[in-house]
Amino acid sequence: MAKCCSFTASRNWLFKYSFANSGLKSSTKDLGDGTIMHCWIPKTHKEKNPTLLLIHGIGANAMWQWNEFITALSSGFNLYVPDLLFFGESYTSRCERTESFQAQCIMRTMEAYGVKKMIVVGLSYGGFVGYSMAAQYPEAVEKLVLGCSGVCLEEKDMENGMFQVKSVEEAVSILLPQTPEKLRQLLRLSFYKPAKNVPSCFLNDFIDVMCTVNHQERKELIEALHNNRKFADLPKITQPTLIIWGEYDQIFPLELGHRLKRHLGENAQLVIIKGAGHAINMEKPKELYKHLKSFLLDSHPHTKENSNGNTDKLD
């Protein structure tokens with residue numbers, strides 16, 4: 001439970017204010033099978049604007065990973081920013097833990113809001129979910145952006161020494177940190193230039209608020225992502241795809257970005273962000289936004305006409 005003077009809880013509140021101030025509102029949908037999905041949705045859905053779905057990764061809830069971008073993007077797009085299952089206010093009593101199930105739940109949520117066509121952007125684990133959406137619902141997903149998302153990894157890659165960790169158990173202990181030292185280790189792996197000398201009190205506060213809830217379920221999400229994964233089983237999607245990667249990513253090495261580009265061929269372009277690690281949304285937000293804007297506006301030129309000064313906030 002959040003402490004009364006929690007820095008993390010206060011920042012969470014500020015993010016809620018920021019989202020609301022950017023024209024979004026908090027909404028939940030009961031999917032009727034023991035699954036509740038929370039999503040930030042437009043206060044007013046503008047039919048002339050394309051819909052943009054932003055999917056977060058394992059590190060935190062949707063607000064923490066997308067706050068830097070919502071003001072800039074909300075003027076030209078109908079933004080939908082869901083919390084994945086077991087993050088924020090999204091939860092299921094069902095036993096499924098695959099990215100395929102996450103994708104189905106998000107798609108059902110979007111259908112419940114009356115959205116039939118969308119562009120999907122996914123960071124890290126969110127990219128696994130976005131890729132699954134593109135494969136399962138090709139008529140709904142028009143374009144796809146994958147940020148540092150190792151969707152083409154294989155179970156044997158870990159055995160072959162591709163990753164910094166040697167086992168899924170070790171990965172879980174870092175990705176879902178329960179001690180300040182593990183959180184420091186996550187920061188070192190996620191950032192090219194990680195913050196140094198962060199007091200343990202701040203790290204403990206973040207862990208208490210963000211990393212203890214649904215720990216077992218999130219652990220199972222990571223395990224399901226890796227177990228029996230084979231590159232040969234990865235479907236080849238046909239939507240235009242932008243692959244963005246940090247040059248020094250230590251969570252999902254850049255080699256996986258090149259592998260995915262070869263898999264998708266001419267339908268995909270790979271952009272490498274120099275001087276960045278895995279957390280490109282936090283380490284290089286201006287550069288990430290620049291590439292997002294260029295790719296997103298390519299097929300929707302009318303968004304240029306609808307955008308105002310807020311669109312270029314990050315430039």
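Two strands are said to pair if DSSP finds at least two bridges between them. In this predicted model, strand β1 (residues 24-30) and strand β2 (residues 35-42) meet that condition, because 7 bridges join them. The two strands run antiparallel. Within this pairing, S27 has C39 in β2 as its bridge partner. The hairpin of β1 and β2 has 4 residues between the strands, and G32 takes a positive phi near 85 degrees there. In a regular strand, side chains alternate between the two faces of the sheet.

Two packed helices are described by the angle between their axes and the distance between the axes. For helix α6 (residues 168-175) and helix α9 (residues 215-226), the angle is about 140 degrees and the axes lie 10 Å apart. This angle makes α6 oblique to α9, because only angles over 145 degrees count as roughly antiparallel. The crossing in which α6 passes α9 is right-handed. On the α6 side, V168, V172 and L175 take part in the contact, and they meet K219, I222, E223 and H226 in α9. By class, the residues of this contact comprise 4 nonpolar, 1 polar and 2 charged.

These elements belong to a protein chain that has 13 helices and 9 strands. Its C-alpha atoms fill a box of roughly 50 × 50 × 45 Å, taken along the principal axes. How does the radius of gyration of the protein chain stand against that of a compact globule? With 315 residues, such a globule would have a radius of gyration near 20 Å, and the 18 Å of the protein chain agrees with this.

Technical notes
Residues are numbered from 1 along each chain as its sequence is written. This is a predicted model: local features need pLDDT of at least 70, side-chain atom pairs count only at pLDDT 80 or more; totals for chains, interfaces and linings use all residues. Side-chain values use heavy atoms; hydrogens and water are left out. Axes are lines fitted to C-alpha atoms, for helices over the stretch in contact, and angles run from 0 to 180 degrees between N-to-C directions. Angles under 35 degrees count as roughly parallel, over 145 as roughly antiparallel, 65 to 115 as roughly perpendicular and the rest as oblique. A crossing is left-handed if the near helix is turned anticlockwise from the far one by less than a right angle, and right-handed if clockwise. Contact means heavy atoms within 4.5 Å. Ala, Val, Leu, Ile, Met, Phe, Trp, Tyr, Cys and Pro count as nonpolar, Asp, Glu, Lys and Arg as charged, and the others, Gly among them, as polar. The radius of gyration is taken over C-alpha atoms; the globule rule is 2.2 Å times the number of residues to the power 0.38.
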